[in-house]
Amino acid sequence: MMLSVFSACQQLDPLVPLADEQKSDGKDKVALPATWSSVSSQTTVVNGRIRFVDDVHFNDYFRVVSTVDEKVVEDFFAGLPNFNSLKERNQREELADTTSHEDVNCRTLRDGSIWCTNLNPPRATDEGAEGAESLIQDEFLYFATNENYELAIGTTIVKITPQYTYLIINGQTVTFDPTLNNLTQQQHKKATSENFFMVREGLYAHKNETFVQENIYDKTSFNCGQSEQNEYDYTSGRGRRKIKAKIWSQNLGIYSSAGCSTKNLRRRLGIFWQERTDKISVFWPTFEYEIKDPNTGQYVNFLHYTGAHFDNNKSKQIERFEFKTAIVKVKCVPNGPCVPADIKFSGCIKLICVKTNHTVHNGSNSGQLNLTLACP
């Protein structure tokens, strides 16, 4: 039988279960204190992947980051040794395409490399290139995912693809090639649950279905999820500044969330950089959604009426209204294999009616975007 992989003939992480993970009683662990210092101090990098201690730690991370400046979180992951983030890869891809733009003067050197003189250099208030678009909508998951769309929860490796989210249980050697999605699709047809289903021993998958709606810019969404984003230049002069607004709901099996965000971007070096602005805000006249309980299959409705978040001297504003994380527990037999003790997916977050207003003020310039999604 053909094996499936992350990269050619790559051995999975030799993650050593913690002492309490080796117990067979299956008792839940004590939750970590909900502080950024406690969560970040236990976040490590193993074989190039962010490793959360267990599903409790994974859940605590998302609970805490809503109370922390997103730039602090982004810089934390960017500064971890031996970790190449998905965002950094997307930034490199965008930066690689600077030679064709009019504000960069480039020439080819004898060794074939390209040397460029930047005619419009980034300033201190530029907070890095935005980067190419990612299939991961929530930035707090985006920051923690490596360039191969992978992370680890305890002894389980998570691999996110546009079609499926995979869980690889510790101790398995798996190769990831194009035939895997075909095999997984066959197994999915046999599965009777929306939960993770077994592709083969030690390899589980969750179906990520794309929702497509016409006339939405750069649409990306997943099972029971929808998203909308728009942007426009709010100054004259060759599209130098733009505001970017987004509403999202995304479900990836291990994690689902719903929220909205505003970004202020400035074009330099031929691409758009995140730039701090005098004032940036996201305002929601209404944010209504439903959550599907994976245990009962019933939907629970939530409605957030008028509210706003705004800040000075920031490049973006993120508001997350809801998130759910999966239960991913592994039971290890002493001197034996590790098997999944409990895998429950995060459940669906379905947007019912969302209206948002996004604004930026930069000196005498200001921009505003209104978004509406799924409202009758």
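Leaving aside neighbours within four places in sequence, which residues is Ser85 in contact with? They are Phe143, Thr145, Asn146 and Glu147. Contact here means heavy atoms within 4.5 Å. Ser85 is found in the loop between α3 (70–78) and α4 (86–95). Ser85 is buried, with a relative accessible area of 5%. Buried means under 20% relative accessible area, exposed over 50%, and partly exposed in between (1.4 Å probe, protein chains only).

**The model**

This is a predicted model, in which local features need pLDDT of at least 70 and side-chain atom pairs count only at pLDDT 80 or more, while totals for chains, interfaces and linings use all residues. Residues are numbered from 1 along each chain as its sequence is written, and side-chain values use heavy atoms, with hydrogens and water left out.

pLDDT is the predictor's confidence in each residue, from 0 to 100. The chain's mean pLDDT is 78. Of its residues, 74% reach 70 or more. Over residues 1–32, pLDDT stays under 50. For that stretch the model has 85 contacts beyond four places in sequence. Residues 210–223 also have a pLDDT below 50. Beyond near neighbours in sequence, that stretch has 37 contacts in the model.

**The chain as a whole**

The chain holds six helices and 21 strands. Helices (H or I, at least four residues) and strands (E, at least two) are DSSP runs, numbered from the N terminus. The chain has 376 residues, and 53% of them count as buried. Take the contacts between residues at least 6 apart in sequence: 66% of these join residues at least 24 apart.

Helix α2 covers residues 55–65. Nine of its 11 residues are buried, so the helix is largely enclosed by the rest of the structure. Among the buried ones are Asp55, His57, Phe58 and Tyr61. Asp54 caps the N-terminal end of α2. A side-chain oxygen of Asp54 lies 3.1 Å from the backbone nitrogen of Val56.

Tyr61 also belongs to the largest nonpolar core, which has 44 residues. A nonpolar core is a set of buried Ala, Val, Leu, Ile, Met, Phe, Trp, Tyr and Cys residues joined through side-chain atoms within 4.5 Å. Tyr61, Val73 and Phe77 have the most contacts inside this core. Leaving aside neighbours within four places in sequence, Val73 is in contact with Trp36, Tyr61, Val65, Val68, Phe140 and Phe143. Apart from this core lies another, of 20 residues, among them Ile243, Leu351, Val354 and Leu373.

**Aromatic rings**

The structure holds 19 aromatic pairs. Rings of Phe, Tyr and Trp (its six-membered ring) pair if their centres lie within 6.5 Å; planes under 30 degrees apart count as stacked, over 60 as edge-to-face and the rest as tilted. Two of the pairs are set out below.

| Pair | Centre to centre | Angle between planes | Type |
|---|---|---|---|
| Tyr164 and Phe197 | 6.5 Å | 80 degrees | edge-to-face |
| Tyr255 and Phe323 | 6.4 Å | 35 degrees | tilted |

Tyr164 lies in strand β8 (residues 164–169) and Phe197 in strand β9 (residues 197–200), so their pair ties together parts that are 33 residues apart in sequence. Both Tyr164 and Phe197 are buried. Tyr255 lies in strand β13 (residues 255–268) and Phe323 in strand β17 (residues 316–325), so this pair ties together parts that are 68 residues apart in sequence. Tyr255 and Phe323 are buried too. They belong to one aromatic cluster, whose members include Trp36, Phe58, Tyr61 and Phe77.

Ile160 is found in strand β7 (residues 156–160). At 3% relative accessibility, Ile160 counts as buried. Not counting residues up to four places away in sequence, Ile160 touches Leu135, Ile136, Tyr149, Thr165 and Leu252. Ile160 and Gly253 are 93 residues apart along the chain, with their C-alpha atoms separated by 9.5 Å.

His358 is found in strand β20 (residues 349–362). His358 is buried, with a relative accessible area of 0%. Among the residues it touches, beyond four places away in sequence, are Ile243, Cys260, Val282 and Leu369. His358 and Leu369 are 11 residues apart in sequence and 5.1 Å apart in space, C-alpha to C-alpha.

Key: A polar contact is a pair of N or O atoms within 3.5 Å; within protein, one must be able to donate a hydrogen and the other to accept it, and residues adjacent in sequence count only if both atoms are side-chain atoms.
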